[in-house]
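Look through the chains with these questions in hand. Try each one before reading its answer.

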Amino acid sequence: MIKVENLNFQYPNSDRQIFEDLSFNVKKGETLAILGANGIGKTTFVKCLLGFLEYKSGNILINDESIKQMSASKYWKLVAYVPQSKRMAFGFTGLEMTVMGLSPHVKMGKLPKKEDYDKAYEQLKKLGIEHLSEQNCNKMSGGELQMVLIARALIKNPKILIMDEPESHLDLRNQLKILNIIEELNGLGEYSIIINTHFPHHAFRIAQSTLLLGKEGYIFDKTENVVNTKNLRDYFGINSEILSYEHAEKSYSAILPIDLHKF
Amino acid sequence: MVKDRRKIQKNFYILSSITLIVLMIAAICIGRYTISPLDVFYSLINPTSFSDATIPVVVQEVRIPRVLLAVVVGAGIAAAGAALQAIFGNPLVSEHILGVSSGASFGAALGILTIGTTFGIQTLAVLFGFLAMYLTYKIARRRGRITVLMLVLAGVITSSVFGSGVSLLKYFADARNELPAITFWLMGSLASPSKETIIRTMPSILISLIFLYKYRWQLNLLSLDEEEAISLGVNVKRMRIVIIFFTTVIVAAIVSIAGVISFVGLIIPHFTRMIVGTDNKHLLPASMIMGAIFMLITDTLARSLTGSEIPLSILSSLLGVPFFIYLLRRTGGIWDD
Amino acid sequence: MSKYKLILPSIVGIVALSLVGCQSADGDQKSKESESEGSAAVTIVDGRGKDVVLEDGYAKNFVLFPNEGTEVFSITQSTEPFLGMRKSDQDSNIAGGVVAKYYPELLEVNSNIVDAEGDMPNVEEVLTMAPDVVYQWKSREASIKPLEDVGIDVVALNWGTYEDDIERYTLYGKALGMQDRVETVFAHHDKTKQAVLKVTENLTEEEQQNHVFVSHMNENQINVWGTELPHTAVHKVENVAYTKGNITDTGADINAETLLEWNPDMIVIGEWASDITPDFFYNHPVLKNLTAVKEKRVYKSPTASLLDNPGISWYFYASLANPDKFKDFDMRKQVRDDYKLLYNVDVTEEDIDKILNVEENKNSKYFEMFMQ
């Protein structure tokens, strides 16, 4: 579905190669987690994927078509981006916010139709947040707003969903809500999901494969092969244990950080 | 809940439109030249029947054009304010704060001194309005981001640059003839444009208003973070230029015939937002109606309270400031409604 | 070592300072001497009510801040005492006028007396000119102080009423020791005034015309000058005409409707409004409904000054308001006499046409009585 080949990136006025020869792919119905220490270039990478930053060389392909050749409108019909939830200048209502997701299908100088608003309401309902439809986004909790942003991304039926740390800054319950939604979406088999996260154990929960970014290089593989004590030591600088817990025929893994690793 | 909002919006349109129409009719009947409402009516249907030929002339040549001008100017400035607030994602801006009015008035003053024709004055006003907007934008934008503080400061800088420009022009102007012309018009008044000038200026304002109106929903998207807006499939750069173009044309056209009218562009969208909400789908047309009502009331007071015209900028600030204070107090300076 | 570095400059400084101190002490002595020599100090009460003491006696030269170059010239009849005057006065009031035709040197007077903003005095330049006295508006207090701070004598002047006009013209002359000349001019004014009043005082209420004085116009917006103001020349000749509407401001912006409501018998346009002519009114889509416009009684005011040369204006208004009462009056002779007395100029017929704005007024009613 989405394939990245030999991607290189560095900031225009800097020598530091943020990433070098990066290659991976995400199939339809799969989730990829991007992990890495703070400042390693996770956000930069996501911005490259979204075309906000230009990469130096390499290629990004969607359905074997290079995004460089793709028109913006085609690209944004395929790809949806869920930003981190934060306060906005104007407090739109949940419904108004959600219907904005249909923008690629609304012609310039036209308004969304009544069906579009109905569709937006349905989308909120699907996520179980229809009660937010008339609520001011700036008066919602972080979790609620994140849900609305997800609804806004899903409403246009994208093929690829790119999420930038959707669960950070949320409390445990809201984190779980978001993770459940991602799991559900993944289960539908319709989307390729790329999620940028701070938490390695979230990768366990939701991602089939993981991209671990580091200073010297990267690892891309199945999640269980990437998130292990060795990599956590090499890439995050911590000594840890991975604990597993079986519950109702499902296995849950958690990372128990023990202490800082001395190199 | 959903129904409540819709109901408020629907009621708002009905009520405000009726108010506007009633006010327009009243405004046509009010003025320094005493004309009974009945005579106003007759001068519209049968202007030749009057023994005092002045009555139909006052109604047709002076009052009706001026009432229409007030309505269009009010709607235009309010729409421009709402649109600028959207594209800068910042409820604290207006054409005045961003320095567009300043730039346009410099252009218009230059036009008065050098060209003198309505078209020339307007063209220069538009050009310098753009230049001002560009300057403010360039100064405020750092590392691809525009903060509220930088934007307001950049606006202050731009305004003062063009403000000094106007002072400089005044210095070069002939003190007995050109200087009064410039000061005269800087004060802001709808008194001076004749029917012909109004007819000549209207098209550019109306066409721009139609475009802003058509693009009003896209304004919502532009008010989000730039990257967020792009991800929603908006060609942000192009849209911004388009919106800036039309708002500048509106502001410059108004400045070139009526001078700088402050406060309306800031206050009206705010006030309207409190009634109909943030969605520009409703906010823009509602602001236009509210702006028209506000300007109509202000201008009717300005021209009929005393024998000499009260400058509009004074009246609109006088009426606008209490509003502004009320809004500030109500929202505690956090503009989230 | 570094300590000593400072000593030498300090010594030089001290020496220099004390030298300057000695010099100024010398200067003081000199001025005292000259006082005792003869030209005694003169004290003038200026427009502020302040005693301005001219140590060296009457001023022999001056810098003029008000835009009244020709007015002061009517006292001096020479540009010699003019050390500085305003550029805007030279450009807007004097250049192209009849006085400038005979005295082009008025346009050569140093005009570098205000800063770039055109408001504050350029103190250093004024100091270099070393004028005996500076004339400045009283209302410009902020512009007076910097001049007085450097020891320049400033005579402050009032503006507003007819009394202010009399006082100001008197002060111009007094500071220069030319009171006699001022008296002569005033006597000339009075002769005219009495002649006009003799007629106008006897006008009945119906015969009194009302007129509006237009200083500037922008399409439908009109800047008019108030009734009570001295520079609306009419006020000086009581009972000739009066403006309706009770506007007392210097300049009030009114709209076309207000003017229609006032509906004056006669409209006079300030001569400086170069774009606005009687014809402008005759062709105006709205204002053509005014009685004055219908009767073609719209005039451009004469280019004669209202301060030193008001007689022309008085006759202008009075005659045009009541032409039948001034049948024997010869305006062109009045102009000739005034210019001779005030500026010592023998004006030509073309000059008179220019002063009376014949070109712009020729289509207006009754105006033929001022024409050749």
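Q: Is Tyr172(C) buried or exposed?
A: This is a predicted model, in which local features need pLDDT of at least 70, side-chain atom pairs count only at pLDDT 80 or more, and totals for chains, interfaces and linings use all residues. Buried means under 20% relative accessible area, exposed over 50%, partly exposed in between (1.4 Å probe, protein chains only). Tyr172(C) has 0% relative accessibility, so Tyr172(C) counts as buried.

Q: How are the rings of Tyr135(C) and Tyr172(C) arranged?
A: Rings of Phe, Tyr and Trp (its six-membered ring) pair if their centres lie within 6.5 Å; planes under 30 degrees apart count as stacked, over 60 as edge-to-face and the rest as tilted. The centres of Tyr135(C) and Tyr172(C) are 4.9 Å apart, and their planes stand at 85 degrees. Therefore the pair is edge-to-face.

Q: How many residues apart are Tyr135(C) and Tyr172(C)?
A: Helices (H or I, at least four residues) and strands (E, at least two) are DSSP runs, numbered from the N terminus. Tyr135(C) is in strand β5 (residues 133-137) of chain C, and Tyr172(C) is in helix α7 (residues 162-175) of chain C. The pair links distant parts of the chain, 37 residues apart.

Q: What kind of aromatic pair do Tyr339(C) and Tyr343(C) form?
A: Tyr339(C) is buried, and Tyr343(C) is buried too. Their rings lie 5.1 Å centre to centre, with 65 degrees between the planes. The aromatic pair is edge-to-face.

Q: What separates Tyr339(C) and Tyr343(C) in helix α13 of chain C?
A: Both residues belong to helix α13 (residues 331-343) of chain C. They are 4 residues apart there, so the separation is about one helical turn.

Q: How many helices and strands does chain C have?
A: Chain C has 372 residues, and 52% of them count as buried. Its elements come to 15 helices and 12 strands.

Q: Which residue lies over the face of Tyr282(C)?
A: A charge sits over a ring if NZ of Lys or CZ of Arg is within 6 Å of the ring centre and within 35 degrees of the ring normal. In chain B, the charged end of Arg216(B) sits over the ring of Tyr213(B), 4.0 Å from its centre. For Tyr282(C), the residue is 4.3 Å from the ring centre, and it is Lys296(C).

Q: Which three residues of chain C supply 22% of the area that chain C buries against chain B?
A: Buried area is the accessible area (1.4 Å probe) that two parts lose on being put together, summed over both. Chain C and chain B bury about 2,800 Å² between them, with 51% of it on carbon and sulfur atoms. More than any other three residues of chain C, the suppliers are His216(C), Gln221(C) and Glu257(C).

Q: Which residue of chain B meets Glu257(C) in a salt bridge?
A: A salt bridge is a side-chain nitrogen of Lys or Arg within 4 Å of a carboxyl oxygen of Asp or Glu. Between chain C and chain B the count is 2 salt bridges. In one that involves Glu257(C), the N to O distance is 4.0 Å, and the partner is Arg303(B).

Q: Which residue of chain A meets Glu227(B) in a salt bridge?
A: Chain B and chain A bury about 3,100 Å² between them. Trp217(B), Glu227(B) and Leu232(B) supply 20% of the area that chain B buries against chain A. The side chain of Glu227(B) meets its partner at 3.5 Å, N to O, and that partner is Lys47(A).

Q: Which residues of chain A does Tyr215(B) touch?
A: Residues are numbered from 1 along each chain as its sequence is written. Tyr215(B) sits in the loop between α8 (195-214) and α9 (216-222) of chain B, and is buried, with a relative accessible area of 15%. Contact means heavy atoms within 4.5 Å. Leaving out residues up to four places away in sequence, Tyr215(B) touches Met239(B), Val242(B) and Ile243(B), and in chain A Met108(A) and Gly109(A).

Note on methods: Chains are lettered from A and ligands numbered from 1 in the order in which they are written. Side-chain values use heavy atoms; hydrogens and water are left out.
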